[in-house]
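Please read the following note with the sequence and the model side by side. The points are numbered so that each may be checked in turn.

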Amino acid sequence: MVGIAQAGWRDMVTRRDPTADSLLIPGEGWRLKMSKITTELLLERAVPRSTRLRKIETLNLSKLQLKTGDLDPRLFSRLRHLQKLDLSDNLLDKFPNSLTLPDLRVLNCNNNQLEDVTALKQFPLLEELTYENNVYLTLNDDYKVMFLLENLRLLNGKDITKLANHVRHVHSRKLTSKVTAHWEKFFRDQLPEKYTAEQVKSIRKKFLKSVQTNVVYGPSSLSEFTRWRVKMIAEEFLSYSLGLELNSDTEPEEKADENEEESTESPREAAEDVAQVTVTPSKRKRNHSKSGAGNKRSKSQANTEEEAVVNPRKSSHVQDDPAPDKPRTSNQPAKETTPEQGAEGTQKNGEQFPKGQSNRRSSQMTGEQKSQEQDNGVVTLTPVKNSKRKEDVSAEPLHFLQCHSKGNSREDFKTQLWSCVFEPVLDSGARKDPIVSSSRTVATCGGESVCLIDCETGTVLKKYKVATEEFFSVAWTTLTMVISDSRKKAHNILAAAGRRGIVKLIHVAADFCYGEIKAHKKPIATVCFSPTQETHLFTASYDKRIALWDIGIPDCDYNFKASQLLVLEAASIPLRIALVPTCPEQYLLAGCEGGCFAWNIKLDKGEKSRPFEAIFQFPDDESMTTSHRVDGLAFLNDDVVVSKSSKPGCIYLWSWSRSFDAKGKGCQRTVSAVILAELEWSTTDMSYLTLSTCPAKSYVFCGDEKGSVWMYNLSSYTTVWGSPKGKRSERRISPAQILQWPELRVNGEQPPEILVNNVVSDPAFTYLVVLTSVNITAIWKKS
């Protein structure tokens with residue numbers, strides 16, 4: 001029978017529960033037929049068994065496959081003295097609003113399908129509540145029940161008394177102040193002295209929408225709760241302070257992020273797993289000492305099998321272009337774990353995030369509490385002054401985290417960090433605006449783990465490990481999944497890939513790696529999702545191929561089917577890929593070990609395997625060449641491409657349209673890139689120090705071999721470059737600022753040389769995340 005474990009099925013048949021009939025259906029065998037809850041069932045399930053409903057104080061209704069409609073308010077209203085209720089292991093997706101249990105003190109809802117907890121406010125005397133393993137509930141729901149239930153002491157087994165008081169009082173005061181200030185600043189003058197009901201309705205609607213969008217407080221993992229409270233406070237403010245209450249129904253609450261990050265470890269456990277650098281600059285107003293150790297899982301993994309010391313990127317360098325004088329190159333190829341045969345094989349492997357805790361986040365604490373839980377094992381540093389160049393932007397260091405250590409070792413300064421990407425916001429209206437298209441949560445990868453970090457607090461919200469893997473790349477997409485009763489909801493999915501050639505698919509809100517795609521037999525260097533087709537994933541591999549996959553949409557049981565749609569043949573190993581913004585379904589650009597290539601990826605063409613359509617030439621001393629490594633590639637806007645080649649000290653900006661149009665129609669051919677400008681950069685010849693862009697702010701970022709971050713503000717150039725005959729900038733463009741790596745000491749000694757492998761900003765350029773070669777993630781914030 002679907003939905004019941006075999007042992008549970010046998011138990012229910014042999015006990016002959018009065019609510020069940022055993023039916024023999026021809027051709028199908030035995031099935032269990034459930035009827036609604038009856039008085040007889042309630043009396044039998046009482047502990048101890050009772051003869052009167054009003055005498056029942058403890059009731060066990062677990063493992064009955066109950067749905068929400070089975071909870072009859074008329075019947076439950078007779079349980080006037082019920083104090084303990086067990087509804088675990090059922091199929092409830094919500095609570096009816098009128099169960100009328102005035103004396104209920106203890107409620108167990110574990111292992112259901114609950115999606116909302118606000119109906120629990122009907123139980124004001126509730127003191128103990130558990131709802132673990134309800135995958136659609138998030139940290140936001142924990143905070144909602146803490147606010148709604150004033151007598152609640154224990155939530156999922158944790159004492160939340162202090163935190164609940166903080167939520168109800170301190171948090172509410174802060175939000176009330178912000179809501180009031182928002183009205184005074186933006187809406188007070190819009191209300192005339194004499195107003196009509198229509199005017200009130202209009203300004204009320206505008207204010208509620210505006211205040212939920214613009215009033216921000218606390219970590220992004222609580223954005224849904226914050227918006228919920230802000231709406232509540234705003235309505236009270238309009239009603240009681242200004243008398244703008246309407247009899248008409250309120251506007252439906254806008255859907256907030258349903259998929260915010262979760263945390264299942266206490267700060268003390270996290271402190272054992274994450275080393276955090278404490279920044280103590282002498283001329284900064286921000287008190288960095290309050291930055292707590294990451295609030296994340298800390299379960300130690302078993303000793304891994306012997307891993308290759310050098311990652312495949314370095315070994316490929318040796319194979320393609322021997323250069324023994326380059327420090328990032330190994331003389332031995334990396335060991336590879338050969339996945340099982342079948343490039344298109346998928347499986348629902350049910351690989352969980354580290355166990356030991358449930359997927360609940362009731363142990364979440366405030367920043368002040370986290371700082372008290374730090375141990376003495378943090379790394380300390382004193383930052384040096386920034387570049388002497390004239391600054392047009394100021395950034396200050398927030399956090400320096402060591403959260404990708406192998407075996408959670410604090411002595412690990414060898415694990416290299418490679419890729420990071422900010423999580424998108426689950427708001428379809430906001431997604432169109434790049435400024436608000438991501439949260440402050442970033443996914444990072446390196447070594448055996450993938451981490452989710454709150455950039456503001458420095459909290460490591462999640463950590464996912466595969467002991468035999470070395471992750472090189474991560475990418476986000478948002479899928480609309482069927483959750484229950486055929487209803488649909490948007491969820492963020494994280495794809496992670498690396499040395500094993502396997503793509504892991506992680507439903508972050510549920511703390512669950514629901515499947516994998518055996519994409520390649522060699523390591524995957526990078527992955528990216530299509531911006532227009534949410535299930536289309538590109539994987540670029542050391543097998544000199546770029547594959548396009550349709551990862552499918554998992555059903556409510558996480559069953560899914562992935563299929564390979566396209567294979568792009570490269571002449572050398574692809575290192576970076578980018579879809580052309582103006583035609584993301586038609587052209588893909590790739591920076592490879594042997595040059596920069598373009599492919600036609602339109603799916604209506606017949607061939608499934610395709611060669612490259614163009615290879616781009618770049619200046620090399622006094623001539624043009626295609627033979628160079630392109631280890632940095634990104635679009636600055638719809639047309640301007642930023643690429644970094646193996647030529648020391650050089651980052652090119654060039655026009656995609658003017659370069660590709662010169663190719664004309666026909667067979668593949670070599671095309672000269674139309675160079676718009678060159679950026680002044682480090683003179684190092686070290687490879688794989690990649691770059692990134694912030695299109696909304698016209699910024700380019702690139703790290704160097706000394707731990708510094710070069711930042712280029714190109715907003716004054718893009719208009720000129722956008723004209724059809726835009727001229728090339730004659731002189732190299734200098735960085736607007738160089739963020740220098742602070743002086744860092746660990747146990748009195750400086751770590752080895754710090755290479756910045758990657759640096760990424762959020763779309764609004766509020767945070768800058770720097771990934772290094774020494775297992776340190778640095779987070780800077782724009783002042």
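**Note on the predicted model**

1. Among contacts in the chain (heavy atoms within 4.5 Å) between residues at least 6 apart in sequence, 61% join residues at least 24 apart. The model is predicted, so local features need pLDDT of at least 70 and side-chain atom pairs count only at pLDDT 80 or more, whereas totals for chains, interfaces and linings use all residues. Residues are numbered from 1 along each chain as its sequence is written, and side-chain values use heavy atoms, with hydrogens and water left out.

2. The chain holds 12 helices and 44 strands. These elements are DSSP runs numbered from the N terminus: helices are H or I runs of at least four residues, and strands are E runs of at least two. Of the 783 residues in the chain, 57% are buried. Buried means under 20% relative accessible area, exposed means over 50%, and partly exposed lies in between, with a 1.4 Å probe and protein chains only. The accessible surface comes to about 34200 Å², and carbon and sulfur atoms account for 47% of it. Such areas come from the Shrake-Rupley method with a 1.4 Å probe; for residues, only the protein chains shown count as cover.

3. Which residues touch the most other members of the largest nonpolar core? They are Leu61, Leu85, Leu107 and Leu129, in a core of 49 residues. A nonpolar core is a set of buried Ala, Val, Leu, Ile, Met, Phe, Trp, Tyr and Cys residues joined through side-chain atoms within 4.5 Å. At least two residues of this core come from each of α2 (39-45), α3 (73-76), α4 (139-148), α5 (161-186) and α7 (223-241). The largest share, 5 residues, is that of α4. Apart from this core lies another, of 23 residues, which includes Ala510, Phe512, Ala547 and Ala562. In soluble globular proteins, nonpolar side chains tend to be buried together.

4. Leaving aside residues up to four places away in sequence, Leu85 touches Leu59, Leu61, Phe76, Leu101, Leu104, Val106, Leu107 and Asn108. Helix α4 is mostly covered, with 9 of its 10 residues buried. Its buried residues include Asp141, Asp142 and Lys144 as well as Leu139, Val145 and Phe147.

5. Is β20 mostly covered or mostly exposed? It is mostly covered: 6 of its 6 residues are buried. Ile502, Lys504 and Ile506 are buried on one side, and Val503, Leu505 and His507 on the other. In a regular strand the side chains alternate between the two faces of the sheet.

6. Strand β20 pairs with β19 (residues 488-498) in the antiparallel sense over 5 bridges, and with β21, also antiparallel, over 6 bridges. Two strands pair if DSSP finds at least two bridges between them. Ala495 has Leu505 in β20 as its bridge partner, and Lys504 has Glu516 in β21. The hairpin of β19 and β20 has 3 residues between the strands, and there Gly501 takes a positive phi near 75°.

7. Most residues other than glycine have a negative phi, and most peptide bonds are trans. Asp511, in the hairpin of β20 and β21 with 4 residues between the strands, takes a positive phi near 55°. Asp511 counts as buried because its relative accessibility is 3%. Gln65, which is not a glycine, also has a positive phi of about 55°; its place is the loop between β3 and α3. A cis peptide bond joins Val47 and Pro48, with omega about -5°. Pro48 lies in the loop between α2 and β3 (58-60).

8. How many disulfides does a search of the whole structure find? The search finds 0, a disulfide being a pair of cysteine sulfur atoms within 2.5 Å. For Cys455, the nearest cysteine sulfur is that of Cys420, 8.5 Å away. Cys455 counts as buried because its relative accessibility is 0%, while Cys556, at 43%, counts as partly exposed.

9. An open sheet of 4 strands has the order β32-β33-β34-β36, with antiparallel pairing. Its edge strands, β32 (630-635) and β36 (674-680), each pair on one side only. Between β32 and β33 (residues 640-645) there are 5 bridges, and Leu633 stands opposite Ser643 in β33.
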